Amino acid sequence: MHPTLSPTILTKLRRPRPYPAVSILMPTHRREPDNAKDPVRLRTLLAEAKEKVQADPAVSRTDRIDVLEQLDQALSEVDLVHAEDGLAILAAPGEHQVWSFGRPAPARVVLSDTFLTRNLVAAQAAERPYWVLAVAADRVVLWGGNHERVTKEAGFGFPLERTPDMPDPQRQERTGGTPSTFRDEETKTFLRQADTEIGKVLAADTRPLYVVGDAAALALLDTVGSIAREATEQIPHGGLARADAETVRQVVEPALRSRADREIGDALAQLDTARGRHEFAAGLDEVWQAAGDGRITHLVVEEQFRTTVRDDGKHLVPAESDAPGAREDIVDEVIERSLDTGAQVTFVPDGTLADAGQVAAALRY
């Protein structure tokens, strides 16, 4: 399965596909006994998808055979042992993808000319992804993190490594000692390369960046480029260029928590200001209509807010999940619509918006 969602990946996933682009969405479970039914549910949904493809007269024989093979290959790649909260299987002529994500998705099979991505978009926003750059004189490692885990990135040219030259005895005799590693020109060149590469990473996938290393490494990185100076935070802590994921997570955790607290405080302050200006929407129905009009500038949602509704033509009304026209992922739809129109999205702890119906927004007008 693919490891990490990013805005770049989501943009690619949302491009039009040759018909039929098949989307299979389902909730998954991390622990027993709830996860015992996941394999059965997956096989049922896969059978439903195949039946729809085979029964659709708009699908050519060639594409039908191709897509059915893509679905079988996708099934072989599903890892329910390490499941999160949601699973997406996406297949179209010539391609398939499998995504596991940390946000529940309603069971659904859709054939269209685009993949159904709203649950993936909402999950990526909720994950609060960030980068950690661990810097040493001979090794620079990039870690990708979210609210649950930190994972070493093997792409983007990282990790960067070099073998420092052995000290020159004749030079030591002339200068009276061994030169500092962080005054060495080759070290400067090496860290300048790291600065260039992390700049490419941020251009491809913009996230908060935490730079960690001992004080000398951070100081030199500041002088050779601009990325470290513009980082979300620099954390003086040596040894992380060769540390494990859990150690890295523990070191950056206080900075992450502090930043999250600031973001929540800023979001709530923006809502208060918007309320005073009468540029405020509260409750799912109001927020949904504002999202549809492209009026939301900042959406604030409680982390675990989920509800099922149907559209009666004027408003959203509560509904059972099996009722005709029921929309189980309406909150994810609002999040996707808001992001599509340039809004900022902030997730807050449950209960924070109890007086606003669990979701609220500052509006553009």
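## Arg259 and its surroundings

Leaving aside residues up to four places away in sequence, Arg259 touches Pro208, Tyr210 and Thr232, where contact means heavy atoms within 4.5 Å. Thr232 is 27 residues from Arg259 along the chain, and the C-alpha atoms of the two are separated by 9.0 Å. This is a predicted model, in which local features need pLDDT of at least 70, side-chain atom pairs count only at pLDDT 80 or more, and totals for chains, interfaces and linings use all residues. Residues are numbered from 1 along each chain as its sequence is written, and side-chain values use heavy atoms, with hydrogens and water left out.

Arg259 lies in helix 8, which spans residues 245-276. Its side chain makes a polar contact with the side chain of Glu263 at 2.7 Å (a pair of N or O atoms within 3.5 Å; within protein, one must be able to donate a hydrogen and the other to accept it, and residues adjacent in sequence count only if both atoms are side-chain atoms). Arg259 counts as partly exposed because its relative accessibility is 25% (buried is under 20% relative accessible area, exposed over 50%, partly exposed in between, with a 1.4 Å probe and protein chains only).

## The whole protein

The protein has 10 helices and 16 strands (DSSP runs, numbered from the N terminus: helices are H or I of at least four residues, strands E of at least two). Its C-alpha atoms fill a box of roughly 85 × 60 × 40 Å along the principal axes.

Of its 365 residues, 46% count as buried. Among contacts with a separation of 6 or more, 67% come from residues 24 or more positions apart.
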